[in-house]
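Biologist: Take me through this model, term by term. I want each label set against its cut-off.

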Amino acid sequence: MATEGGTMTSPQPHGTSLSGTSQSGTSQPGNPQQTPHQEKHHRHQARSVAEHAAAVAELLQPLRSPHRTEVLPLREALGRGLVGDVTAPISLPPFPNSQMDGYAIRSADLPDGGGELRVMPPVPAGASPDALQPGTAAPIMTGAMLPEGADAVVPIERAVPDRFLPHTEEATEQATVRLPEAAPGTYVRETGSDVRAGETALAAGTFLGPAQLGLLAALGIPEVTVYRAVTVLLVTTGDEVVEPGQDLPAGKIYDSNGTLLEAAMRQAGLEVRRAGIVTDNPEKLRGLLRAEGAAVDLIVTTGGVSKGAYEVVRQAMEDQPVEFLHVAMQPGGPQGIGTFEGRPFLGFPGNPVSCLVSFEMFLRPVLGRLLGTPAPRFPLRARLGQPLTSPEQKHQVRRGTLTPDGTVELLGGESSHLMHALAGSNVLVHVPQGVAALEAGAEVEVWML
């Protein structure tokens, strides 16, 4: 994260303790009852981003259970997280092979300045060649096994003639080629130069993308143990929201949160069950959560977590171990966390940018650290194209566009309802707590979207 001194630190709680009471004095989800002193303290001090992310990690820790793993063939494991270390059963490469099309030689056969060698039968990829005799050179293809006795390869471009000769037995016996000198190991891929048998090929928690799955295939591993995809019940709340495609009465708005969050969750590898829009009726919300929540790993709601008069999620959770609090973050300050009848629950704010920022700051990175998926959003450094101000007591997350020259242009201001600005952005811009203003050209941390 960029500070006024230029130091970058991630807002995520790497190494943060996941147990006990947070430093802000607010209780953790497992112990929602607060003393009068805690309640008073809670009203005046928001939980930090790192503290809340640690609380989310503690809540979701059971998702790492061995009962939530499965063995999948490689073609079905894309985007999953690896449960345990994978040890290489063979070396890669499994034998010394040629890095180029050329001639396999004994380097000792070519004195200073090179020399002429008799041409042996060619070595195609996949063949098991005979040993290379002194004073000879074997035409060899890229990836082909190096003949025993050979210790270097001369590229065909450096040979005279600079083309492979006819492969007939008679022609090969009479053919010679002039080659320059070559040091031992030139254009040779040694056994195990990529990974050696017995070494850790992939560590537990690795996100399995195309490259990781390709490595497992190269090692001859046909299947892998991964964490099951997390199933989320996603509930949008509010009397004021209407499903897209319906008529829009006065005072109503179309629901964007459901589509926005579902897309973000699916992109991150979660399985999403949409419950539609629930009106501001606590009993109906409780009934829906009881009916559909038991079959999922996590319940996520949007809206109804602030301190207004009709906060349906707060009302529906009155008899549950759920805490509603404020995180020192803009947007996305109001948050809910706990369990509903034993099922992990997260309550995100109702403004669309706020709910997406909540997902990106808390749920997405926590799942990535616990389960290896989704892949993390690695922080990049960029320079502001214009000055900004930020509430000093909060971690501010702005939207922007990162340009090819490394400058980030801010879009949409601080408001959490500006969907058009969000849709035009390709980065989240982080302004850490304690920073009130940054000038144009100041360095900031950005996450690519």
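Biologist: What makes β23 and β25 a pair?

Modeller: Two strands pair if DSSP finds at least two bridges between them. β23 and strand β25 (residues 427-431) have five bridges, in the antiparallel sense. Arg-399 has Leu-428 in β25 as its bridge partner. The model is predicted: local features need pLDDT of at least 70, side-chain atom pairs count only at pLDDT 80 or more, and totals for chains, interfaces and linings use all residues. Residues are numbered from 1 along each chain as its sequence is written, and side-chain values use heavy atoms, with hydrogens and water left out.

Biologist: What lies between β23 and β24?

Modeller: The two form a hairpin with four residues between them. Gly-406, in the turn, has a positive phi of about 85°.

Biologist: Why is β23 called largely enclosed?

Modeller: Buried means under 20% relative accessible area (exposed is over 50%, partly exposed in between; 1.4 Å probe, protein chains only). Six of the eight residues of β23 are buried, so the rest of the structure largely encloses the strand.

Biologist: Why do β7 and β8 count as edges?

Modeller: Five strands form an open, mixed sheet in the order β7-β4-β6-β5-β8. β7 (152-155) and β8 (176-179) each have a single partner strand, so one side of each lacks a neighbour in the sheet.

Biologist: How do you know that β4 and β6 pair?

Modeller: Three bridges join β4 (residues 102-105) to β6 (residues 136-140), and the two run antiparallel. Tyr-103 stands opposite Pro-139 in β6.

Biologist: Why is the largest pocket placed between two domains?

Modeller: Domain bounds come from an automatic or database domain assignment. Domain 3 (231-371) and domain 4 (379-448) both give residues to the lining, so the pocket lies between them. On a 1 Å grid over the protein atoms alone, a pocket is an open set with protein on both sides within 12 Å along at least five of seven lines; lining residues have an atom within 4 Å of a point. Here 30 residues line the pocket, and Glu-240, Gly-303, Pro-349, Gly-350 and Asn-351 lie nearest its centre.

Notes: 1 Å grid on protein atoms, 1.4 Å probe; cavity = no way out; pocket = protein on both sides within 12 Å on 5 of 7 lines; lining within 4 Å.
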